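These are my notebook entries on a set of local features that I looked up in one structure. The entries follow the order in which I looked.

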Amino acid sequence: MSHVDDLIQSLAAIPADSELAESRQFRSAATEHTQGSYQALFAAGSEHFPIATRAAIAAQVAEWHQADNLLQHYRELAGQVITTPSLTEALAFAKRLTFEPVTASPHHIQALQQAGWSDDDIVTLAQVIAYVSFQSRLVHGFSLLAESPSASTPQSETPPEVNAGRWHTQPRTASGQQAPQAFTRKELGWEPWLAPKPFADFSAAQQEVLVRFGHQNSEYFRLLGRDQPVLEQRTLTDKGIFYTPGGLNRAERELAATVASKVNGCIYCASVHARKASQLSKQPEEIALLLQVQPGYPLSAGQSERWQAEIEAVAALSLTPPRLTHAHLQRLRELSLTTLEITDLLQSAAFFAWANRLMLTLGEPFIPHSEAASSDEKRTVA
């Protein structure tokens with residue numbers, strides 16, 4: 001991929017001959033499909049959601065993240081956009097997804113529909129906002145990492161303490177199913193607030209893509225399939241970040257996903273990735289300790305020195321705006337993490353700024369009937 005076709009390299013000012021550039025080339029699938037996701041969202045628009053409107057919303061999200069270079073890029077792409085009631089409602093939705101995705105509810109989807117947004121365009125809108133949340137964290141983290149690793153950390157720079165965020169505690173979902181009220185490694189279901197696209201309504205070529213990724217029976221992915229080009233690039237980005245050899249071990253990539261989900265309050269994502277982290281690391285007690293952290297309490301307490309450093313870096317990057325500092329990266333280097341391993345850690349954390357925002361604002365988790373019945377039985381016996 002050329003420098004011109006790699007927006008992240010340009011905005012983060014990554015020198016072409018740097019270790020970071022080499023790491024991103026080694027992670028070529030993640031690099032290529034991060035750019036591919038951008039192209040899928042911003043190279044062409046739809047009749048009711050044109051490129052200029054997408055870019056105007058992206059610019060506002062970038063400004064909230066204090067990502068100045070990204071803000072300027074999207075402002076130039078947007079040009080002059082007229083503010084309409086539908087855009088105003090979209091920006092309100094964007095602000096919620098940016099700062100407090102855990103507060104989203106079906107009411108906010110209905111408000112978009114009443115403002116004239118179609119179901120297909122609502123999915124694309126959520127993808128635009130969530131993608132820029134991912135993109136801004138890559139730019140922030142890589143801008144720091146691109147600087148010389150030998151540069152001394154300013155003495156005044158103290159990494160901020162990052163605590164667990166709040167999460168949903170309502171007992172029932174919108175459809176009346178039993179909702180999880182605490183983080184867990186058990187398998188959960190997820191119900192959408194918008195109708196997923198029926199598999200039969202996809203073209204033969206689109207069905208082939210869904211089947212290739214194993215998405216055909218998932219309501220979540222068939223919902224995201226309302227904008228299939230973005231879904232395909234996003235899936236390939238995910239695979240390029242999490243399922244590639246070398247660099248950071250897979251367990252710690254899954255740890256990063258779990259930590260980001262704790263910051264954002266996404267019980268569903270945390271359940272999936274905490275389960276994987278436990279299995280791969282063979283440290284279920286440490287993962288359980290992380291899941292048990294209550295809102296307002298530090299996430300890294302009681303963990304090993306390496307995991308503490310990784311948890312604190314991921315948590316800081318997951319805040320809005322991101323608060324990852326040189327001190328975080330210096331600590332990782334002191335623990336002998338290579339540039340490639342840090343690249344993997346940052347990309348894993350940043351991706352869940354994207355994933356959490358989709359899961360939290362297009363639907364919600366529920367406890368499968370068998371698990372719910374088991375829980376009720378235990379309460380009865382107790």
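**Entry 1: arginine 226.** I looked up the accessibility of arginine 226 and found a relative value of 21%, so the residue counts as partly exposed; the class lies between buried, under 20% relative accessible area, and exposed, over 50% (1.4 Å probe, protein chains only). Arginine 226 is placed in the loop between helix 10 and helix 11. Helices (H or I, at least four residues) and strands (E, at least two) are DSSP runs numbered from the N terminus. The model is a predicted one, in which local features need pLDDT of at least 70 and side-chain atom pairs count only at pLDDT 80 or more, while totals for chains, interfaces and linings use all residues. Residues are numbered from 1 along each chain as its sequence is written, and side-chain values use heavy atoms, with hydrogens and water left out.

I then listed the contacts of arginine 226 (heavy atoms within 4.5 Å). Not counting residues up to four places away in sequence, arginine 226 touches Asp119, Asp120, Val123, Ala195, Pro196 and Lys197.

**Entry 2: glutamine 303.** I found glutamine 303 in the loop between helix 14 (284-291) and helix 15 (305-318). The relative accessibility of glutamine 303 is 8%, so this residue counts as buried. A polar atom of its side chain lies 3.0 Å from the backbone oxygen of glutamate 286. Leaving aside neighbours within four places in sequence, glutamine 303 is in contact with Glu286, Leu289, Leu290, Gln308 and Ile311.

**Entry 3: aromatic pairs.** I counted rings of Phe, Tyr and Trp (its six-membered ring) as paired if their centres lie within 6.5 Å, with planes under 30 degrees apart taken as stacked, over 60 as edge-to-face and the rest as tilted. The count by this rule is 16 aromatic pairs. The pair of phenylalanine 49 and tryptophan 117 is edge-to-face, because the ring centres are 4.9 Å apart and the planes stand at 85°. Phenylalanine 49 is in the loop between helix 3 (28-42) and helix 4 (51-64), and tryptophan 117 is in the loop between helix 7 (106-114) and helix 8 (119-145), 68 residues apart. Phenylalanine 49 is buried at 0% relative accessible area, and tryptophan 117 is buried at 6%.

I next examined tyrosine 131 and tryptophan 354, whose ring centres are 5.2 Å apart with planes at 80°, so this pair is edge-to-face. Tyrosine 131 lies in helix 8 and tryptophan 354 in helix 17 (residues 339-362), so the pair ties together parts 223 residues apart in sequence. Tyrosine 131 is buried at 1%, and tryptophan 354 is buried at 0%. Tyr131 and Trp354 form one aromatic cluster with Phe134, Phe242, Phe351 and Phe352.

**Entry 4: charges over rings.** I applied the rule that NZ of Lys or CZ of Arg must be within 6 Å of the ring centre and within 35 degrees of the ring normal. Arginine 54 lies over the face of phenylalanine 49, 4.9 Å from the ring centre. The charged end of arginine 212 sits over the ring of phenylalanine 213, 4.7 Å from its centre.

**Entry 5: the largest pocket.** What volume does the largest pocket have? I noted about 620 Å³. A pocket, on a 1 Å grid over the protein atoms alone, is an open set of points with protein on both sides within 12 Å along at least five of seven lines, and lining residues have an atom within 4 Å of a point. Grid points are joined across faces, edges and corners, and a volume is the space filled by 1.4 Å probe spheres set on the points. Of the 25 lining residues, Tyr220, Phe221, Tyr268, Val272 and His273 are the closest to the pocket centre. Helix 13 gives the largest share of the lining, six residues.

Note on methods. Polar contact = N/O pair within 3.5 Å; in protein donor to acceptor, adjacent residues only side chain to side chain.
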